[in-house]
Amino acid sequence: MIGKKCLPCFAVLGLMLAAPAQATLPPPTPPEYGAYGPLTVCEGDLSIAVRPNEAVHLVGPIFRIINDDHLIAATPMVLPTSAFMLFDGPVKHGVFTTGSALANLAIAFRYSGELPPAAAPYVAFARDGFGKDDVRYAVETRSGASRSDGMVSMLIVASPSFDGTDADKTILARFQLNAADASACVRPADLSAGKADYGVASFVRSFDNPFYAGLYPARPDDGPGYHCQGGIGFAFEAGEQLRRPWKSLRNGRSYLIRDGVAVTMSGPFEPMRRTDPDDPNEHPAGLLHKSAVTLYPSRGVGPPYAPPGVREDGSWLIELGKEKNSRLEVLFPAGDKGRLGFALIERLEFVGDSDPRCTTPSTSK
């Protein structure tokens, strides 16, 4: 017999079962945009020149300047002047000037405070340099008269290359306080607020081009060359091309292409390591028994999977690595086209963090 004390519990359970289930969906991915240099990005009176071998990436109020060697992330913020006087406030290690010309010097300082609330939802899509313990700086964005509300307009600047030494000033010197009358400026704040058009500013949305400037260099690398990705490396040969993300991003899908056939490599997010650290001859394919091999058959001829009259290729998915975050996924067409994918797996080898082949520049077409 069910006691009286249990009846309310069953009543609540009945109401829960009778109520319609509501799925909690993740928030939609924000649009991201990218454009190649040369161009000039401005915030207030502060400018930074984007070089021909670089790109600008925009997501919300965050903009990043990216090249193969390093990236610079920045987002605007206002700080009260009183914060500069706090003994244990966000201003650290004193104030200095940055810029390459005396007339264009901007005040800057090491910043350890919180990021502006407007940027917080977007940090997941531009996380490099914005971690809790990462080194960041604040650079003034206005010259001349100060604001009347006791606030100071600043740009919070981050980079994985920052280490808190004077070497950081080499990157910070790219910011010039000279944009008060710069009509050629691209202003991310205006773009994100809808005051200017992305297309007119030559920015391409990531949804419209998977190889957009915010993730990939303008041209693929031509073989011969060597590519490193998450503790794994391989040589690509003459007649082959490699489409890979900016090296400073350290992640993203790469594509080995030969004769119109593409092999896609995804991950790992954490470097893959040998099962036996003392075995220099261990092959990454030795991790195959810890993972999976999947053959996806063709889904038929014509739309929606292939052009009219063309049969869609089947595909192989090879997963190497025991742990999900340190797993390399290799996807390539089945049938005769699969030779490139299997040949690539045979070429794979473990590489160390300081392997010189990972830092030698490849040639681009």
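**Strands, turns and disulfides**

Modeller: β17 and β18 pair in the antiparallel sense over 3 bridges. Two strands pair if DSSP finds at least two bridges between them, and strands (E, at least two residues) and helices (H or I, at least four) are DSSP runs numbered from the N terminus. This is a predicted model, in which local features need pLDDT of at least 70 and side-chain atom pairs count only at pLDDT 80 or more, while totals for chains, interfaces and linings use all residues. Residues are numbered from 1 along each chain as its sequence is written, and side-chain values use heavy atoms, with hydrogens and water left out.

Biologist: Which residue in β18 is the bridge partner of R243?

Modeller: The pairing of β17 with β18 is antiparallel and has 3 bridges. Within β18, the bridge partner of R243 is Y255.

Biologist: Where is R250 found, and is R250 buried or exposed?

Modeller: R250 has a phi near 65°, a positive value in a residue other than glycine. It is found in the loop between β17 (241-243) and β18 (254-258). Buried means under 20% relative accessible area, exposed over 50%, and partly exposed in between (1.4 Å probe, protein chains only). With a relative accessible area of 56%, R250 is exposed.

Biologist: Over how many bridges do β18 and β19 pair?

Modeller: In β19, the bridge partner of S254 is M265. The two strands, β18 and β19, pair in the antiparallel sense, and the number of bridges is 5.

Biologist: In the hairpin of β18 and β19, which residue takes a positive phi?

Modeller: The hairpin has 2 residues between the strands. The residue in question lies in the loop between β18 and β19 (261-266) and is exposed, with a relative accessible area of 73%. Its phi is near 50°, and the residue is D259.

Biologist: In what order do the 3 strands of the open sheet stand?

Modeller: Strands of a sheet pair through backbone hydrogen bonds, either parallel or antiparallel. Here the pairing is antiparallel, and the order is β15-β16-β23. The edge strands, each pairing on one side only, are β15 and β23.

Biologist: Which helix packs on the sheet?

Modeller: The helix touches β16 and β23, where contact means heavy atoms within 4.5 Å. Its direction makes about 125° with that of β16; axes are lines fitted to C-alpha atoms, for helices over the stretch in contact, and angles run from 0 to 180 degrees between N-to-C directions. The helix, residues 338-347, is α4.

Biologist: Which residue stands opposite C228 in β16?

Modeller: β15 and strand β16 (residues 232-236) pair in the antiparallel sense over 5 bridges. Opposite C228, the residue in β16 is G233.

Biologist: To which residue does a disulfide join C228?

Modeller: A disulfide is a pair of cysteine sulfur atoms within 2.5 Å. In this case the S to S distance is 1.9 Å, and the link is left-handed, with -75° about the S-S bond. C228 is partly exposed, with a relative accessible area of 22%. The partner of C228 is C358.

Biologist: How many residues apart are C42 and C185, the other pair?

Modeller: A disulfide joins C42 to C185, with an S to S distance of 1.8 Å. C42 is buried, at a relative accessible area of 1%, and C185 is buried at 15%. The pair links distant parts of the chain, C42 in strand β2 (residues 39-43) and C185 in strand β12 (residues 185-186), and the separation is 143 residues.

Biologist: What is the pairing when the bonded cysteines are numbered in sequence order?

Modeller: A search of the whole structure finds 2 disulfides. With the bonded cysteines of the chain numbered in that way, the pairing is 1-2, 3-4.

Biologist: Where is P224 found?

Modeller: The peptide bond from G223 to P224 is cis, with omega near 5°. P224 is found in the loop between β14 (221-222) and β15.
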